[in-house]
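Open the structure in your viewer and keep the selection tool at hand. The stops below say what to select and what to look for.

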Amino acid sequence: MSSAGVRRVLVAGVVAVLLGIAVGVGPASAHTSLGRSDPPDGGMVAVGRTELSLWFDEPVDLASGHFVLRTDEGAPLRVTPDPASGRSDFLVLHTTPLRRGVLVLSWSVTSAVDGHVSSGSITFGAGVRPPATASGGSGASLPEVLVRWLQLIAMIVAVGALVAPTLLTRATSYAPQSPQQAARLGTIAALVCLATSCATPSGFLDSLETDRWAQLWVLRGVALAVAVAALAGLARRGPSVPRTATAGCALVMAAVADAAAGHAAGLPRASTAAVVATSVHVLAAGAWLGTLALLATCLVPTMRRLPESRRPLLEATWRSFGPVAAVAVALVVASGLYLAGRHLPGLAALTTGWYGLALIGKTVLLAVALAAALHATLVAGRRVPGLGGATRLLRPAGDSGFPRLVLTELVVLGVAVVLAAVMTTVPTARTATAGEPSPGTGTGVTVDGLFVTFEAAPAGSGEFRLAVQVNAVTRPQPGPVTGADVLLVGDGGRQVRVPLQRVEAGHFEGATPAPSSGDWQAWVSVHRTAAEDAVAQVDWRSAPVSTPGPTRLEVVTTVLAGLLALGALVGVALRRRREADSAPEPARQGITVTTGGDAP
């Protein structure tokens, strides 16, 4: 690649990055959208919860915002905005302690960037799961899917640029510039991935010190920038082990950072293993699909222009790609199986939400692509493991249809990546159930003219949320209620005192680390002005708050994934051993054998 060509690539990359920044933070945004929420749309919270959190994708005028919380029957509940965080894109809503049922939060805000008014709503449950979004959550918008698809495709092609140049060096007699061309396309792909990453909600830099997602975003951007520089060096100077290693390490770091900011990191247990599996899934897809795309781009035009080059190119390049593709496919399937088991609560979730439906479609398309890959392997003249002598019977006659076959495989895999983009932009099927609190337990008693309700519910992170509601049943009262606290007394005299904070008149709540399992007595002390405390005693049985264990589906898919990955490694080892055994013995040098009269 000439220096002028490299300059054109870099200029195009800079323009792409600037456009990405303009898309991400410029004033052209037409509408504000809700980036995320706690609880998420379709999620579930504990009974008695009093806080809801909203994150918008750009700064908004919180003072003019309008928020309405209603039950599924339309009854309004009190909500009080609290923008005390100092951030203009984040808001906490205080509510009365939520009672069991389905709730709808509607919001309307004015953008602080362009003045446009946007609105939306989320549906969630307190102690119950909303039936309409029980397994799949809400769908993703088309722009989100398109941006994510561009990111995935660009990442896959960039990874393929680490493998393709080595294979293309065998084809330089027919396509002399193909290795540099593949590296150049990989550079452009890495630039596209970096540019699309810039399309992120504005204001994230304000929370860089505390927001883990923002830190991962920066790490991913730095890694992609390093990969761009290393791939540009490959395109300009040709294959080099240091530059290839640098680009490979940078792309691995970018894949891990992307996975750590996605669904895998949100799993309640073994999230590190899921992050690793997600990274392997993307990188292996790059070694398969990315390499295939670059080989097709660099060689198929030559095959069509010079029909006599097809067989030599197939034997020199495509047959060498076969083992690489086989290992990559095995890793894609193995990691995909493992992740499906981690993100699906059961087989029923496959047909009840966006995530499950996209997974079904992706699986079908991968099966079609594998069939096309098998056909291409036979055309290239390789033996297929497991078919033995039947390979010759199944091998198609002639190779004239090979370019069309490769194009079909690429189109099918491209659509599969679209469905993968959908899967990464919608909540997983397990999102609504992973770590969700179970319905709270509560009871009420009357003491000294007050009806005192005590309720305890798991609040996640190994804690219980305690809620107390006090209502007067007689008039006049000796004095107004000023506070409350709870003393938990267990077997053997174990005691835990939990101070409660006033939420609103008559409502108090607090949190405590989950006490040990067993029967407890809750002594609720209600403090009053100019009167003695009213003390109510209720019985409470504490159940352990623990992370749910693996499901049967998760165990089965994990075992299958492990066996498949092990089989791929064993296959690589056996192939290398066969190649070593079949290699000709090197000629011995420096040894002269003489006999009889030939001796000097």
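Select Trp55 and Phe90 to begin: Trp55 stands opposite Phe90, a residue of strand E7. Bear in mind throughout that this is a predicted model. Now extend the selection to strand E3 (residues 51-56) and strand E7 (residues 90-95), which run antiparallel and are joined by five bridges.

Next, show the sheet around this pair. It is an open sheet of four strands in the order E1-E3-E7-E6, with antiparallel pairing. Which strands stand at the edges? They are strand E1 (34-38) and strand E6 (79-82); each has a single partner strand, so one side of each is left without a neighbour in the sheet. From one strand to the next, the twist averages 25°.

**Five-stranded sheet**

Hide that selection and bring up the open sheet of five strands, whose order is E2-E9-E8-E4-E5. Its pairing is mixed. At the edges are strand E2 (44-45) and strand E5 (76-77), each of which pairs on one side only. Zoom in on E2 and strand E9 (residues 117-126): the two pair in the parallel sense over two bridges.

**Helices H4 and H7**

Move on to helix H4 (residues 178-197) and helix H7 (residues 271-305). Two packed helices are described by the angle between their axes and the distance between the axes. For H4 and H7, the axes come within 10 Å and cross at roughly 135°.

Display side chains at the contact: on H4 select Ser178, Gln181, Ala182 and Leu185, and on H7 select Leu294, Thr297 and Cys298. Colour them by class, and the contact of H4 with H7 shows four nonpolar residues, three polar residues and no charged ones.

**A salt bridge**

How many salt bridges does the structure hold? There are three salt bridges, and the last stop is one of them. Side chains of opposite charge can pair when their charged atoms come close. Select Arg148 and Asp258, which form a salt bridge with the closest N and O atoms 2.7 Å apart. Arg148 belongs to helix H2 (residues 142-160) and Asp258 to helix H6 (residues 241-260), so this pair ties together parts that are 110 residues apart in sequence.

Notes
Residues are numbered from 1 along each chain as its sequence is written. This is a predicted model: local features need pLDDT of at least 70, side-chain atom pairs count only at pLDDT 80 or more; totals for chains, interfaces and linings use all residues. Side-chain values use heavy atoms; hydrogens and water are left out. Two strands pair if DSSP finds at least two bridges between them. Axes are lines fitted to C-alpha atoms, for helices over the stretch in contact, and angles run from 0 to 180 degrees between N-to-C directions. Contact means heavy atoms within 4.5 Å. Ala, Val, Leu, Ile, Met, Phe, Trp, Tyr, Cys and Pro count as nonpolar, Asp, Glu, Lys and Arg as charged, and the others, Gly among them, as polar. A salt bridge is a side-chain nitrogen of Lys or Arg within 4 Å of a carboxyl oxygen of Asp or Glu.
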